[in-house]
Each structure stands twice: as C-alpha cells, then as structure tokens.
Amino acid sequence: GRSLGRSSGHSFSFRKAAAGITLTILLLCIIAYSFHSRSVLTAGCFVAAGFVLWVEEYRLSFAFVVLAVFPSLPCVGIDYLFIVSPTGVGMAMGSAAFVTYARRVDFLLPVTCLAAASLIVWYSDSVRAAGGDPGIVSSMFAWVVLITSVVVPRWFVARNRYPSLLLQLSCLAPPLLLLSVGYEILLYAALVVALVSSEGLFQKISGPTAVAVGSLMLTSLLYYSFFATGNIASVSSFDLPSVYRLQSQFDKGLMGVLLIVKLWIPLLAIVTAMRTFFPSQKYFFAVFTATISLSDMIALYFFCCLRTEGSWKQIGHSISCYVITNLLTLILLVLWFVSHLFVPAKR
C-alpha cells in the first residue's frame with residue numbers, strides 16, 4: 001500500500017513536471033514566432049485560456065479569449081482614432097459605477113482623471129478634425145491629468161497603505177488614453193481584466209508552482225503587450241497623433257520619449273500586477289529571475305538565427321529580433337525598480 005501510494009505520488013509529480021516543461025516550450029515557441037507574425041499570439045492566448053480553464057478559473061479564461069482577438073486585427077493607426085474617446089468614456093462610467101457600488105472613495109481621483117482625459121481626447125480630436133489647433137491650454141490640462149494619474153499610487157504608498165491592484169492599474173489608464181490613436185486602450189482594458197482575474201489563480205497555488213506560473217505569465221504578457229496592437233509600428237513611423245494632445249508643436253525628442261512611455265505603460269501594469277501577486281521580495285525576485293532566464297532563452301534562439309547572408313531585409317530582420325529581445329530584458333530590469341514606487345515590498 002505504501003509503495004503504491006509512493007509510486008502514484010511520483011507519477012503525479014512526473015506528469016506535473018512534464019506538463020510544465022511542455023507548456024514552457026510551447027509558449028517560448030509561440031513568443032519566438034510572434035516576431036514574424038502577430039497573429040500567432042492568438043494561438044498563445046487560446047493555450048493560456050485552456051490552461052486556466054483546466055484549473056477552473058473561468059473569468060481568467062474568458063479574459064484570455066478576449067485578448068486573443070487583438071493580435072488578429074490590423075496594426076493600430078489613425079484610422080481607429082474614433083475609438084479612443086468613447087472607450088475612455090465607457091471606462092470612466094464603469095469605474096464610476098464601481099465606486100458607487102463598492103463605496104471605494106480612493107477610486108474617485110482615478111475616475112476623475114479618466115473622465116478628464118476622455119474629455120481632452122474628445123476636444124482635441126474634434127478641433128484637429130476641423131482643421132484647428134487645440135492650443136496650449138488643452139496641452140497643459142493633459143499634462144496635469146497625466147502627472148496626477150502617475151502620482152496617485154505613490155501617494156497611497158507614502159501613507160503606508162497598500163492600494164488594490166485595480167486602483168494601481170486604473171491610475172495608468174489616463175496617460176495611455178491620452179497617447180492612444182486606436183484600439184490599444186481597449187487592449188489595455190482587456191489586459192486589466194485579465195490581470196485582476198489572475199488574483200484568484202495565485203490564491204490557489206503557492207511555492208514553486210506559483211513562481212513557475214508567475215514567470216510564464218509575466219514573460220508571455222510582456223511580449224504580448226509589446227506586439228499585440230503593433231505599437232512598435234507607431235515608433236518606427238513616428239505617428240504624430242499619438243502625442244499631439246500633449247505636445248502640439250513638433251519636438252522630436254519629447255515626442256519620441258512620449259511614444260516610448262506609451263509602449264512602457266502596459267509593461268509597467270504587468271510588472272506591477274506581478275509584484276502585487278508576490279509581495280514578498282524573495283518570491284518576486286524568484287519570478288523576476290525566472291522571467292529573465294526565459295527571455296535569455298529567446299534571445300539565445302535569435303542569436304543562433306542571426307544571418308550574415310541573404311538580402312538586407314533578411315539580415316536586418318534577424319538582427320532586430322535579437323536586439324528587441326535584449327531590449328525587453330533591459331526594460332524589464334528598469335520596470336522592476338519602477339514598480340517599487342507603486343507597490344511597497346514586504347520582507
């Protein structure tokens with residue numbers, strides 16, 4: 001009887017380890033191929049939805065199914081500009097309903113910032129469509145909203161309070177709304193739902209299993225948020241509508257910084273969520289180092305795929321894949337320190 005129990009326990013552990021290794025390899029392959037085709041991220045979202053459905057996390061599974069839609073859409077651009085303001089209004093109304101229902105006074109300022117950002121987007125886009133200039137007053141209000149939204153989480157931390165994950169992610173929505181030119185704000189809303197729904201998953205697991213799942217989720221969502229809407233195309237084409245609500249006059253330095261900030265906001269939201277799930281420095285550092293290791297594996301793959309022969313396009317594409325992977329690793333290091341401002345660590 002003991003030998004049978006021990007044998008079945010070892011068999012269960014072996015199946016568990018084999019399933020984890022298989023899932024890791026599958027996700028790494030999906031991430032690597034997503035550099036060549038964004039639509040492959042849709043398959044990755046369905047894989048993640050199936051996994052969380054297996055552990056009976058139905059809300060999170062539905063959130064991953066919604067996230068699967070965005071990589072199949074065309075790259076974000078000015079053709080989707082009409083989506084931005086209604087999405088902001090919808091998010092503000094939903095947040096206001098939540099404040100009223102849950103009686104969460106701490107959400108009043110983020111909701112106000114979100115409503116103000118939606119109003120600025122609507123006014124600025126309307127004036128631009130009519131061939132006018134919104135003026136410096138509109139830009140000043142936009143900067144006030146952006147700075148206020150970023151400062152709010154740090155203010156709660158300074159008062160020795162631990163803000164909820166939804167509050168922290170809500171504070172990052174107004175800056176992204178001001179910098180949006182399409183459905184990337186919709187993707188952020190879906191990403192917030194997925195991250196908030198993930199709290200139930202991490203309450204069910206602990207120890208090494210939680211670290212493994214956390215590192216896989218962090219790695220996958222980092223690459224997903226970077227490629228899902230084709231945001232990198234905004235940087236390469238220097239899409240001015242992304243920044244004119246904050247800077248109406250051409251300034252390539254400031255505009256370039258704002259475009260990079262736009263790319264970093266979803267990444268910061270994901271890292272902040274993981275720090276919330278792993279408040280202990282020991283466990284979060286384990287998740288962080290495991291994520292760095294997974295990113296290094298992807299970088300090693302692209303290093304082996306570097307080309308020195310062929311067309312300039314083929315050579316440049318192989319180099320850019322390797323460089324982007326290493327840049328994302330460096331960005332992750334920066335965001336790891338920035339996340340300390342949003343979520344205080346517990347020893």
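I call a crossing left-handed if the near helix is turned anticlockwise from the far one by less than a right angle, and right-handed if clockwise. I am working on a predicted model, where local features need pLDDT of at least 70, side-chain atom pairs count only at pLDDT 80 or more, and totals for chains, interfaces and linings use all residues. Residues are numbered from 1 along each chain as its sequence is written, and side-chain values use heavy atoms, without hydrogens and water.

**Helix pair**

I looked up H10 and helix H12 (residues 252-277). Their axes come within 9 Å and cross at roughly 170 degrees (lines fitted to C-alpha atoms over the stretch in contact; angles run from 0 to 180 degrees between N-to-C directions). That makes H10 roughly antiparallel to H12 (over 145 degrees). The crossing is right-handed.

I then listed the contact (heavy atoms within 4.5 Å). H10 brings Gly214, Met217, Leu218, Leu221, Leu222, Ser225 and Phe226. H12 answers with Leu263, Pro266, Leu267, Ile270, Val271 and Met274.

**Pockets**

I searched for pockets (on a 1 Å grid over the protein atoms alone, open sets of points where a 1.4 Å probe fits, with protein on both sides within 12 Å along at least five of seven lines; lining residues have an atom within 4 Å of a point). I counted 36 lining residues; Gly20, Leu23, Phe51, Val213 and Leu216 are the closest to its centre.

The second largest pocket has a volume of about 380 Å³. Its lining has 20 residues, with Met91, Ser95, Leu166, Ser170 and Val192 closest to the centre. H9 gives the most to this lining, six residues.

How values were computed: Points joined across faces, edges and corners; volume = space filled by probe spheres on them. Helix = DSSP H or I, 4+ residues; strand = E, 2+ residues; numbered from the N terminus. Parallel < 35°, antiparallel > 145°, perpendicular 65-115°, else oblique.
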